There are 2 protein chains.
Amino acid sequence: MEMEEHKQVHIVEGGSVTTPKGFRAGGLHCGIKKTARNDLGAILCEVPAEAAAVFTTNIFQAAPLKITRESLTAGNRLQAMIVNSGNANACTGQQGEDDARSMRAAAAQAWGMPEHYVGVTSTGVIGELLPMDKVLAGIAGLPEAVTAVGGPAFNEAILTTDLVEKTICVRVDIDGVPVHIAGAAKGSGMIHPNMATMLGFITTDANIRAAELQKLLSEATDTSFNMITVDGDTSTNDMVVAMASGLAEHEPLSEQHPQWAAYAAAFQHVAQHLAKAIARDGEGATKLIEVTVNGAVSHEAARAIVKTIIGSSLVKTAVFGADANWGRIIACVGRAGQPVNPDTVDIQIGDIRTLEKSRPVRFDEEKAEAYLKSDTIQIRVDLNMGEGTATGWGCDLTYEYVRINAAYRT
Amino acid sequence: MEMEEHKQVHIVEGGSVTTPKGFRAGGLHCGIKKTARNDLGAILCEVPAEAAAVFTTNIFQAAPLKITRESLTAGNRLQAMIVNSGNANACTGQQGEDDARSMRAAAAQAWGMPEHYVGVTSTGVIGELLPMDKVLAGIAGLPEAVTAVGGPAFNEAILTTDLVEKTICVRVDIDGVPVHIAGAAKGSGMIHPNMATMLGFITTDANIRAAELQKLLSEATDTSFNMITVDGDTSTNDMVVAMASGLAEHEPLSEQHPQWAAYAAAFQHVAQHLAKAIARDGEGATKLIEVTVNGAVSHEAARAIVKTIIGSSLVKTAVFGADANWGRIIACVGRAGQPVNPDTVDIQIGDIRTLEKSRPVRFDEEKAEAYLKSDTIQIRVDLNMGEGTATGWGCDLTYEYVRINAAYRT
């Protein structure tokens with residue numbers, strides 16, 4: 001099924017956000033971070049790109065999100081996205097809003113474009129004002145830093161405590177023309193609560209309008225970024241933005257286009273790849289946990305149960321300890337607040353059946369332990385009630401997670 | 001305010017569930033547990049006691065809960081509560097139900113009372129059948145083990161991985177007559193997901209009917225047992241039962257009685273004491289965290305925000321690390337799904353103000369760190385919107401929590 005859907009998606013090895021036609025990117029060190037790592041980056045499009053975005057649902061939204069929203073409202077087009085790491089510009093009041101606005105103005109001036117073609121995003125510590133002298137000097141240097149080969153430098157600029165860069169590029173042929181979709185992301189707000197959180201950037205050269213792009217992004221977010229959790233915390237700065245240059249020469253993409261489904265599948269592939277990469281790189285994580293719930297009364301119900309399981313500290317520690325502790329999984333199913341028939345639940349860990357019609361099944365503990373030492377753990381729950389299905393991703397809970405978060409600010 | 005409410009409550013040092021008139025208790029080792037610790041216990045009343053209970057909301061309710069509910073339905077009276085630890089009798093199907101029913105029948109026979117005067121509860125591993133030969137032999141020995149000084153033996157019989165016994169006894173004078181309320185509890189289902197979880201037993205010699213007792217228990221549960229969390233998991237076996245012998249010679253207690261409020265306050269004191277003791281003894285915990293939210297639009301909203309904060313792994317690890325990381329607290333406030341004015345939030349850790357009207361306040365980091373090394377940490381959030389208020393309790397998240405739960409079953 002998944003293979004079928006994705007059969008027209010080709011991974012572009014070594015691709016980055018600059019692979020889709022019309023995009024450049026780059027990063028530099030402006031001095032927000034004490035280390036020499038890049039802390040300022042940008043994606044630039046040679047034309048105003050059709051743009052879409054999704055934002056955190058946290059009530060305390062950081063200043064740059066407000067500014068980016070304003071830019072989008074002006075016409076749903078973005079030509080430049082700038083991003084800084086090391087400081088989230090969140091809980092910073094009017095001064096923070098003024099600073100985000102100054103960043104936008106400086107970028108617009110640097111490239112000679114209207115301010116509403118610029119989006120701004122920040123990631124890092126909450127509650128501190130940006131060192132604006134350094135930031136503005138850095139922005140003035142961005143036009144030189146942003147190039148056709150600047151994808152990796154951009155990827156570095158968005159990282160905070162992430163261990164690995166998260167990027168992907170795929171190709172899908174539309175009207176016989178190769179169309180690219182690329183993405184870059186940094187660790188989730190649920191992983192890095194005090195850092196700026198989950199950021200995602202998707203570029204594509206597809207010929208697609210902002211409204212259709214927004215629809216794709218919102219739908220893909222629901223089955224990717226919104227289905228990962230590390231510790232259940234949602235940041236003040238989460239944002240995913242998608243930009244479409246329209247430079248691939250195919251007929252405009254809409255739901256009427258015969259290859260809409262193929263493009264949507266490729267877009268979803270990019271979003272899910274980035275989401276899984278974020279979960280796998282969760283603080284202290286040693287394993288990716290993939291949870292699928294089938295047979296729920298609705299997709300909504302399945303999603304809620306998936307999230308309860310991947311969010312459970314007890315399931316997460318059991319996976320860390322390679323313990324096939326299905327009792328913790330069934331307890332999650334029962335407390336998720338969704339309709340469940342207490343007599344019809346099946347649970348499978350990898351291909352090991354541990355519960356059938358809600359009754360324990362004898363299984364080979366050694367085989368289970370060996371499986372739970374792999375780097376990706378699949379948990380499947382079937383409620384045997386309806387057609388609702390969902391999949392989500394998380395990671396194990398380890399000593400290292402406690403160490404990182406007990407010592408984070410100090 | 002709290003002092004005012006509790007001024008008529010006197011702590012009875014050395015009291016136990018057998019202190020209220022008419023109650024005896026005891027415990028013995030029947031062999032469910034491999035160690036020599038007591039694993040079977042009972043509370044006995046010399047008369048059929050007015051009884052009330054609250055049960056887990058988990059869909060997968062263990063067999064003994066069903067049997068106890070049946071006994072209560074027959075007339076809201078209990079004369080004996082029996083409990084085993086080491087095996088939860090959960091997810092055990094028809095055989096599990098038959099076993100719980102056999103336990104009730106055996107106890108009724110041992111004491112010569114109707115079956116519906118007996119309640120049954122179990123705590124321990126999920127998904128395994130009880131060793132009924134040992135359990136039934138143990139029950140036959142209970143009448144001898146149950147005595148006026150058997151409180152401590154009972155307390156031991158209900159423990160699983162708990163480090164300390166949790167018990168309290170208070171006295172309140174009603175109509176000039178001393179009335180006692182005592183309680184015993186074991187670790188919460190949210191702490192011990194695979195164990196039988198949070199169990200609470202409250203005895204009192206008050207002259208009170210089951211309906212009034214149920215009202216008191218339900219209300220007290222909402223501000224005590226339902227306001228603690230360790231890792232957010234709710235067990236299949238949670239249950240709190242209250243028994244009133246009626247042997248204290250005062251006028252019957254009802255809401256019309258002039259001292260109803262005094263009795264209710266004493267009852268709530270017992271429930272909150274046990275709840276806090278459970279949170280403090282959370283797996284691996286080194287500190288009790290008490291979170292109060294004031295100024296919410298409703299008590300409901302305040303409760304939801306309190307639970308989000310005490311359930312946050314990031315807040316819990318920050319407290320473990322003695323880090324005054326208010327950014328994690330504000331992020332919880334913003335994601336709790338409740339009405340919040342993003343410009344009016346105050347946060348205080350101990351007596352250290354860290355956020356005022358949603359803006360960071362400079363504070364003495366060393367003083368904050370010193371405070372965060374105490375054994376009880378108070379976090380206060382004021383939304384400055386309305387009259388809604390709530391308090392809840394949790395504990396820090398430590399290396400030891402990970403160790404215990406990664407290694408639990410193996």
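Predicted model: local features only at pLDDT ≥ 70, side-chain atom pairs only at ≥ 80, totals over all residues.
Residues are numbered from 1 along each chain as its sequence is written, chains are lettered from A in the order in which they are written, and side-chain values use heavy atoms, with hydrogens and water left out.

In chain A, the domain assignment (bounds taken from an automatic or database assignment) gives domain 1 as residues 2–280 and domain 2 as residues 288–406. The C-alpha centres of these two domains of chain A lie 32 Å apart, and their contact (heavy atoms within 4.5 Å) takes 13 residues from domain 1 and 17 residues from domain 2. Between them, domain 1 and domain 2 of chain A bury about 1300 Å², of which 57% is on carbon and sulfur atoms; buried area here is the accessible area, computed with a 1.4 Å probe, that two parts lose on being put together, summed over both. Two salt bridges are found across this interface of domain 1 and domain 2 of chain A, a salt bridge being a side-chain nitrogen of Lys or Arg within 4 Å of a carboxyl oxygen of Asp or Glu. The same interface holds five residue pairs in polar contact, both residues at pLDDT 80 or more; a polar contact is a pair of N or O atoms within 3.5 Å, where within protein one must be able to donate a hydrogen and the other to accept it, and residues adjacent in sequence count only if both atoms are side-chain atoms. On the side of domain 1 of chain A that touches domain 2, helix α7(A) gives the most, with four residues.

An open sheet of six strands in chain A has the order β13-β12-β11-β14-β10-β15, with mixed pairing. Helices (H or I, at least four residues) and strands (E, at least two) are DSSP runs numbered from the N terminus, and two strands pair if DSSP finds at least two bridges between them. The edge strands of chain A, β13 (359–360) and β15 (388–395), each pair on one side only. Helix α7 (residues 260–280) of chain A packs on this sheet, touching β10 (288–296), β14 (376–382) and β15, and its direction makes about 45° with that of β15(A); axes are lines fitted to C-alpha atoms, for helices over the stretch in contact, and angles run from 0 to 180 degrees between N-to-C directions. Within the sheet, strands β11 (residues 346–349) and β12 (residues 352–356) of chain A run antiparallel and are joined by three bridges, with Ile349(A) standing opposite Ile352(A) in β12(A).

In chain B, six strands likewise form an open sheet with mixed pairing, in the order β13-β12-β11-β14-β10-β15. Strand β12 (residues 352–356) of chain B pairs with β13(B) in the antiparallel sense over two bridges, and Glu356(B) has Arg359(B) as its bridge partner in β13(B). Helix α10(B) packs on the sheet, touching β11 (346–349), β12, β13 and β14 (376–382) of chain B, and its direction makes about 135° with that of β11(B).

Over all chains, the count comes to 40 salt bridges. Arg209(A) forms a salt bridge with Glu50(A), the closest N and O atoms being 3.7 Å apart; Arg209(A) lies in the loop between β8 (199–204) and α6 (210–222) of chain A and Glu50(A) in strand β3 (residues 40–55), so the pair ties together parts that are 159 residues apart in sequence.
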